[in-house]
Amino acid sequence: MTDKKKLGRNQKDTEDDMINLVDNLNREDDLKYNRRAFLKTAVGTSVALSVATIPFTVRAMLGIAEEDHERVEIAKLADLPEGESVTFYYPTEKDPALLIHTVNGDLKAYNSACTHLMCPVFYEKTQDVLLCPCHAGYFDVNNGQPKAGPPQRELPLIEIEVDNGIVYAVGRQYRHG
Ligand code: FES
C-alpha cells in the first residue's frame, strides 16, 4: 500500500499529482496528431470546395446558357438595316445589351457593358467592331471576344431568334469562368 493519502470527496489534488498527470502526455505525439488532424481538415475542405465548383466550371467551359430566361422582343428586323444597332435590356432592366445588324448582314447580340470597367460599348460600323470609348477597348462583333485594349473577357452573348420578322432575345451565355 502506498503512503499516499486517499483524497476526500471535496479535497483538492496536490500540485505533484498535476505534474504527474501532464507528464503522462507525449508532447511529440500530441504535436504530430494535431498537425495531422489539421492537414486532414485542410485537404478535406479544399477537395470539398473544388468538387462543389465543378458544375459552374463545366458550365463556363462549355458556354452553357443560363436557364429560365423569357423570350423578349427586341426589334422589328425591317427597322434595323445593315450597319445599324439598337439598345435593349436583357435579361433584366439592369442589363444593357446591343442588337447589331452587321455590315455583312449578320445579326449579333451581346450585353453591352464593357468587361473592363463597364462602360457601354457601341457598334462602330466603319471598322465592323464593337468599341468601348472609355479606354479604347475593341471587341470582335462576330463572337464578342476582346481584340484590343484593356478588356480581357468576352461580352456575354445574347441568344436571339427571328420569328415573323421580329427579333427576340431568348437566352444568355457566359462563356468565361
Ligand atoms: S471600360 Fe471599356 S475599355 Fe475600359
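Author: The discussion below takes up the sheet, the aromatic rings, the pocket and the backbone in turn. Please bear in mind that this is a predicted model.

Reader: In what order do the strands of the open sheet lie?

Author: As a general idea, the strands of a sheet pair through backbone hydrogen bonds, in either a parallel or an antiparallel manner. In this structure, 4 strands make up an open sheet with the order S5-S6-S7-S8, and their pairing is antiparallel. Strand S5 (122-124) and strand S8 (146-148) are the edge strands, each pairing on one side only. From one strand to the next, the twist averages 40 degrees.

Reader: How many bridges join S5 to strand S6?

Author: The antiparallel strands S5 and S6 (residues 129-132) are joined by 3 bridges. Tyr123, for example, has Leu130 in S6 as its bridge partner.

Reader: How many aromatic pairs does the structure hold?

Author: In general, a pair of aromatic rings is described by the distance between the centres and the angle between the planes. Here the number of aromatic pairs is 0. A ring may still be read in relation to a charge: the ring of Tyr168 has the charged end of Arg71 over it, 3.8 Å from the ring centre.

Reader: How should I read the largest pocket, and which residues are the closest to its centre?

Author: The general idea is that rolling a probe the size of a water molecule over the atoms shows where empty space is left. The largest pocket in this model holds about 270 Å³ of space. It is lined by 17 residues, of which Asn111, Ala113, Thr115, Pro156 and Tyr174 are the closest to its centre. Sorted by class, the lining comprises 7 nonpolar, 4 polar and 6 charged residues.

Reader: Where is Pro91 found, and which residue does a cis peptide bond join to Pro91?

Author: Pro91 belongs to the loop between strand S2 (84-89) and strand S3 (96-101). The cis peptide bond joins Tyr90 to Pro91, with omega at about 0 degrees.

Reader: What is phi of Met118?

Author: Phi of Met118 is near 75 degrees, a positive value in a residue other than glycine. Met118 is located in the loop between strand S4 (107-111) and S5.

Conventions:
Residues are numbered from 1 along each chain as its sequence is written. This is a predicted model: local features need pLDDT of at least 70, side-chain atom pairs count only at pLDDT 80 or more; totals for chains, interfaces and linings use all residues. Side-chain values use heavy atoms; hydrogens and water are left out. Two strands pair if DSSP finds at least two bridges between them. Helices (H or I, at least four residues) and strands (E, at least two) are DSSP runs, numbered from the N terminus. Axes are lines fitted to C-alpha atoms, for helices over the stretch in contact, and angles run from 0 to 180 degrees between N-to-C directions. Rings of Phe, Tyr and Trp (its six-membered ring) pair if their centres lie within 6.5 Å; planes under 30 degrees apart count as stacked, over 60 as edge-to-face and the rest as tilted. A charge sits over a ring if NZ of Lys or CZ of Arg is within 6 Å of the ring centre and within 35 degrees of the ring normal. On a 1 Å grid over the protein atoms alone, a cavity is a set of points where a 1.4 Å probe fits but cannot get out, and a pocket is an open set with protein on both sides within 12 Å along at least five of seven lines; lining residues have an atom within 4 Å of a point. Grid points are joined across faces, edges and corners, and a volume is the space filled by probe spheres set on the points. Ala, Val, Leu, Ile, Met, Phe, Trp, Tyr, Cys and Pro count as nonpolar, Asp, Glu, Lys and Arg as charged, and the others, Gly among them, as polar.
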